[in-house]
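Please read them with the structure open beside you.

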There are 2 protein chains.
Amino acid sequence: MTTVLDALLTELGTECVRTGRDIPDRNFGDASGARQHSPLAVLLPRSTEEVSRCLAICHAHGYRVVPQGGMTGLAGGANPQENEIALSLERMAGVEEIDRDSATLTALAGTPLTVIQSAAEEAGFLCGIDLGARGTCTIGGNVATNAGGNQVLRYGMTRRNVLGLEVVLADGRVLRSLNKMMKNNAGYDWTQLFIGSEGTLGIVTRVVLPLHPRPKGLASALCAVDSFGDALAVLRRFDSRFPGRLLVFEAMWREYMDVAIDRSRLAQPFADRHEITLLIEAAMGDDPGAEDAFAEALAEFIDEGLIKDALIAQSGSDRKKFWAYREANYEFDRFLPKGSHFDVSIPLSKMAEAVDLLRLRSRAQWPDSVLIVFGHVADSNIHLSLSDEGYDEAVGQKMNAAVYGVVSEVGGTISAEHGIGVLKRPYLSMSRTAPELDLMKTLKDALDPKGILNLGRVLAPA
Amino acid sequence: MTTVLDALLTELGTECVRTGRDIPDRNFGDASGARQHSPLAVLLPRSTEEVSRCLAICHAHGYRVVPQGGMTGLAGGANPQENEIALSLERMAGVEEIDRDSATLTALAGTPLTVIQSAAEEAGFLCGIDLGARGTCTIGGNVATNAGGNQVLRYGMTRRNVLGLEVVLADGRVLRSLNKMMKNNAGYDWTQLFIGSEGTLGIVTRVVLPLHPRPKGLASALCAVDSFGDALAVLRRFDSRFPGRLLVFEAMWREYMDVAIDRSRLAQPFADRHEITLLIEAAMGDDPGAEDAFAEALAEFIDEGLIKDALIAQSGSDRKKFWAYREANYEFDRFLPKGSHFDVSIPLSKMAEAVDLLRLRSRAQWPDSVLIVFGHVADSNIHLSLSDEGYDEAVGQKMNAAVYGVVSEVGGTISAEHGIGVLKRPYLSMSRTAPELDLMKTLKDALDPKGILNLGRVLAPA
């Protein structure tokens, strides 16, 4: 080990190689709380060239490397495993260019998302990526995990918000396509391979993002519906009436609202308890009458009985109150018994059936458990948690099997936006067939034949 | 050869294996007019299982296969090369499912695009893919080439319009992810690898597409501007005022308009000749006042001097007249001297510079040549043709070198939407670096180690 560290010290200098007690807590684990090991060292390269040299050295010496961004992941992917060297992108931060004519932004991988969002806004544009961890997560991590978030309905996952990439391969070779063009069919779009590969195929060092015009005429409403079918009808009806204007369509099932009201002490928004509470936001534009059109559509849905009750935000503070329900889950978790958390997608045509099955089976196995369901339903993505007083590791595994069993039965996926990392690896075959997993292994072997890059994340080591 | 044909005949039966004079013209060449060879046989499998068996047999016998869809490609990719067996998807056609709740459509690869568009419309949705060849091209070919077209600005390239795929690998293994969900981060999204790989990595047999709400309140205008800078200002100003409503933003440079007016005998739309004529279309919605808002915005741009002259469509027939200019190129080509055609992207910030350079250099080398520039500029994509009375193969090669030289200098790409095929393969290194090409070869070798699938397209044979 001293040989490889000596080589790395020679390359980076002492200020960029941390070992032993000099390694800060942040480099030990992500936000998942998954099992951690002390990294052999933490490397802090300042340039793509240094990332390349670091990887070339580790590759030559046969040392495994775990890439680290903002450490906000929830799948344990950035947690060092035994005998791994961590490579943190934290010193490679900054927006390098905003090209207003091309409507693109180029940034180093370690740039926090919020910095990119602000830079885009200052230039009069919008960054298409937004998620709760915006202050800490980095754009390189967003790309590596194909992050989702709050505005996927309108702007898509991170994949859709990447035009160009610079990536360093396991052996130190640098791939660069800092493409600014919406169309580029010059051979395989290799950048796609690295988006969502969770650091197992290469390390992202630079990103080119498209910038969007900023939405106008924001309208928000909290609506009560009595079934997922009605929620879906509201979604399709609204979308067909105002194509492309929906920004947010979040659902909170009744158990979620019960807990939010009871544990987070939020006011009951409606007189009655309903199956689902929807948070709907749309960019109506600033044409005269646009704002009224939003309210008129909702009124019509109420007249038809699709929506049972609704509140329309009259001010920013109303909007904040609506979001307090949707964000209560960040807080109320600590008032609940321990449990397992899930991030799954379900085809919309199977969502109601899936939620019914989840309720039935969790109640049958854990009669006093609390099942919470909520999420970005327009994207087919729900988050759920299943808590029980008797929770321990064994129960957790049974809960995983129960929930992923339902997800698999209805053709859903075990990870909508958080990724596989190490925590969901044992369940990947419930969402992917053997030929798909074989292909993933083929790609991993082709790009990282020595298996030094984030080994054991997504796929089992060979 | 008889051995492999015997095996294929046993598998498919005589009605699905054509040889010799029974091979119709359509299986000989695509729309590029590139050099063709007679295929050894044309296979017409009726199911994914049959595609799989065909490939397994060809793979075992070491025969090369060229996949064929609607044969509308412009890069020679589907033209049989010497000693190749053609595999046509034409008998695998049909929309299998429209899932209204999930807003998805599942179709077999050989389905013509227009059939998919109609099915989507009948169900009250819009298919996000549209291009001139819609009546003949197939969805499998659209996916294989990552087709672009007329509404990329709003709905993206084909890549963005694919949720799930079924693909057969070179050795006959079937990969299936008929995903209907907007979010699915369960391991590598391997489908991305096949989109735009031009049949060199696998054969697409089935596709799941997202369906969009149909746009409302279509407004069209023909506008004259005096510089590309002004065109760009109109684009950004309009987009920022009406985020997400633009559907079409096409530019025709002055030489294009001259030829369209002179050779296609179209009326001069404006009193004066202008540097660029823009065709702008937007879905303004059906709120009261939305239509007026379109005209008001254009009036404001005229007042400011950004737009020099404008016509706003008052009827469907006006709109048809506007499109006649944009589509004149399909016709006026035959009135021009022979020449080379290009499909390139240029970063928008470099577009004006690139067009100036192209004019300068073409005039210097071929003083009487006709340079035509037009295209989907909001997507950074322009089509150009350079015609000259003295055109022959040698001149054509010099023209390629001149045009791709400029494209490369300004950081553009030699193919925006038509792909590389065989015709642009010699120039691929002008848009891609050596490490990028190496990675593409690594992927090709990993997925098709015997090199039987569309060999020599995109990449040179090993």
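**Notes on the predicted model**

1. Start with A:Asp448, which is buried, at a relative accessible area of 2%. Keep in mind that this is a predicted model. A:Asp448 sits in the segment after α14 (434-447) of chain A. A polar atom of the A:Asp448 side chain lies 3.1 Å from the backbone nitrogen of A:Ile452. Leaving out residues up to four places away in sequence, A:Asp448 touches A:Ala170, A:Thr200 and A:Leu453.

2. Next, the salt bridges. The count over all chains is 66. One of them joins the side chains of A:Glu15 and A:Arg46, with N to O at 3.2 Å. A:Glu15 belongs to the loop between α1 (2-12) and β1 (17-18) of chain A, and A:Arg46 to the loop between β2 (42-43) and α2 (48-61), so the bridge ties together parts that are 31 residues apart in sequence. A:Glu15 is partly exposed, at 45% relative accessibility. A:Arg46 is partly exposed too, with a relative accessible area of 37%.

3. A:Glu90 and A:Arg26 form another salt bridge, and their closest N and O atoms are 2.7 Å apart. What does this pair tie together? A:Glu90 is in the loop between β4 (84-88) and β5 (95-99) of chain A, while A:Arg26 is in the loop between β1 and β2 of chain A, so the linked parts are 64 residues apart in sequence. A:Glu90 has a relative accessible area of 31% and is partly exposed. For A:Arg26 the value is 33%, again partly exposed.

4. Is A:Glu84 buried or exposed? A:Glu84 counts as buried, at 0% relative accessibility. A:Arg64, by contrast, is partly exposed, with a relative accessible area of 25%.

5. Some salt bridges join up into a network. The residues linked in this way are A:Glu96, A:Glu166, A:Arg176 and A:Arg206.

6. Now the interface. The size of an interface is often given as the accessible area lost when the parts come together. Here, chain B and chain A bury about 6,900 Å² between them, and carbon and sulfur atoms give 58% of that area. In chain B, the residues that lose the most area to chain A are B:Lys183, B:Asn185 and B:Tyr188, together 15% of what that side buries. The contact takes 93 residues from chain B and 93 residues from chain A.

7. Which pairs cross the interface? Eight salt bridges are found between chain B and chain A. A:Asp379 forms a salt bridge with B:Lys183, with the closest N and O atoms 3.2 Å apart. B:Lys183 is also among the chain B residues that lose the most area to chain A. Polar contacts between chain B and chain A come to 46 residue pairs, with both residues at pLDDT 80 or more.

8. Several elements of chain B give two or more residues to the side that touches chain A. They are α5 (152-155), β9 (174-177), α6 (191-194), α7 (228-241), α9 (290-303) and α14 (434-447). α14(B) gives the most, with ten residues. By class, this side of chain B has 39 nonpolar, 29 polar and 25 charged residues.

9. Last, check the backbone at two places. Most residues other than glycine have a negative phi. A:Glu198 is not a glycine, yet has a positive phi of about 55°. A:Glu198 lies in the loop between α6 (191-194) and β10 (203-213) of chain A. A:Glu198 is buried, with a relative accessible area of 10%.

10. B:Met71 is the other place. Its phi is positive, at about 60°, although B:Met71 is not a glycine. B:Met71 is found in the loop between β3 (64-68) and β4 (84-88) of chain B. At 10% relative accessibility, B:Met71 is buried.

Methods:
Residues are numbered from 1 along each chain as its sequence is written. Chains are lettered from A and ligands numbered from 1 in the order in which they are written. This is a predicted model: local features need pLDDT of at least 70, side-chain atom pairs count only at pLDDT 80 or more; totals for chains, interfaces and linings use all residues. Side-chain values use heavy atoms; hydrogens and water are left out. A salt bridge is a side-chain nitrogen of Lys or Arg within 4 Å of a carboxyl oxygen of Asp or Glu. Helices (H or I, at least four residues) and strands (E, at least two) are DSSP runs, numbered from the N terminus. Buried means under 20% relative accessible area, exposed over 50%, partly exposed in between (1.4 Å probe, protein chains only). Contact means heavy atoms within 4.5 Å. Buried area is the accessible area (1.4 Å probe) that two parts lose on being put together, summed over both. A polar contact is a pair of N or O atoms within 3.5 Å; within protein, one must be able to donate a hydrogen and the other to accept it, and residues adjacent in sequence count only if both atoms are side-chain atoms. Ala, Val, Leu, Ile, Met, Phe, Trp, Tyr, Cys and Pro count as nonpolar, Asp, Glu, Lys and Arg as charged, and the others, Gly among them, as polar.
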